[in-house]
Amino acid sequence: MRPTAKFSISFGLVTIPVAAYNATDSSTSVSFVRIHTADGGRVRNQPVCSLEDVEIPPDEIGRGYKPDDGDTVVPLSDEDLDALPLPTAKTLTILAFVAGGDIDPLQMGKGYYLGIDSPAAAKPYVLLREAMERHQRVGLGKIALHGREQLAMIRPMEGALVMQVLLWPHQIRPMDGVLPERQPEVAPSEVAAAETLMDSFGELSEDDVHDHYREALEEIVAAKLAHREPEFPAGEEQPAGQVMDLMAALQDSVRAAKKSRGEDEGTEGAVGGGGSGRGTRKSTAKKTAAKKTTATKTAAKTATKTAAEKTPAKKTAAAKKTAGRGGRRAG
């Protein structure tokens, strides 16, 4: 990989020269091109001057800034931008170390792998990484990338340092009008049922994180080129429609989740009882074992009682037999 930027991390009086590499690849995502539906020709975006109405070559395209309080566009050259008094132009200055959970996920932007840019940077690079790992903190700072200053977070990951560009707080919109004016009430049993459903989901598989949409799209394209019908594997039809009985839907969801993993549906237990499916199975096993123990004790008592009843009868029969023998002898 080629680095997209080079700068230094300022950690107090420690300076770490690093190179930033793109951590994500947007070229693998599904993208479409615009076409003219009448003849299939490509519809292109051509740079046209709004004043002369002519196409502009790339070497004549520059930057301009439009103030919020006017319609005038002010041209800005590369020299103007280089003259900006930004200490973050070539240095990411760490301002604070915070817990990773304190960062709002809505602020997360593009990610970069950070590698050392000189042999002298190896030791301070490892020092910063291990210090953040042991302290369980991430670094927050500012860096100017691609002509603009941005917030950035640095964190350790798999032996390396990773930088995540963050949005400014004012770029996060408020949630006005998102939540309903009147919040619905949820019963504790429904919350417990939802927790049981969460426990039944299990872990992610490779198939869960596979891009099936891209594969299906490629099959449609291949079928059109071959003048045939697309072939898709048969899948289970997902239920549709409005859910009227929330508890019934949760119970059916737990059954479906267990069925998909090949578990016995008879072990589902009472959904919403405050425990997971595993707890229900353990409880059922304990009850079964208790029943077996009770049955064994009952059988043992019955056998003891029967033996006790038989013993006096044997003694009586033996006494009569002995008395008979003695009478014959006396006669």
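These questions and answers go through a predicted model of one protein. Residues are numbered from 1 along each chain as its sequence is written. Local features need pLDDT of at least 70, side-chain atom pairs count only at pLDDT 80 or more, and totals for chains, interfaces and linings use all residues.

Visitor: How many helices and strands does the protein have?
Guide: Helices (H or I, at least four residues) and strands (E, at least two) are DSSP runs, numbered from the N terminus. Counted this way, the protein has six helices and nine strands.

Visitor: Which element has the lowest mean pLDDT?
Guide: pLDDT is the predictor's confidence in each residue, from 0 to 100, and the protein averages 77. Strand β9 (residues 160–166) has the highest mean among the elements, 95. Over residues 273–331 pLDDT stays under 50. The element with the lowest mean, 43, is helix α6 (residues 277–330).

Visitor: Which residue in β6 is the bridge partner of Ala19?
Guide: Two strands pair if DSSP finds at least two bridges between them. Strand β2 (residues 14–22) and strand β6 (residues 108–116) pair in the antiparallel sense over five bridges. In β6, Ala19 has as its partner Gly115.

Visitor: Which residue in β9 is the bridge partner of Gly111?
Guide: Strands β6 and β9 run antiparallel and are joined by five bridges. The partner of Gly111 in β9 is Gln164.

Visitor: What percentage of the 331 residues is buried?
Guide: Buried means under 20% relative accessible area, exposed over 50%, partly exposed in between (1.4 Å probe, protein chains only). By that cut-off, the buried share of the 331 residues is 18%.

Key:
Side-chain values use heavy atoms; hydrogens and water are left out. Contact means heavy atoms within 4.5 Å.
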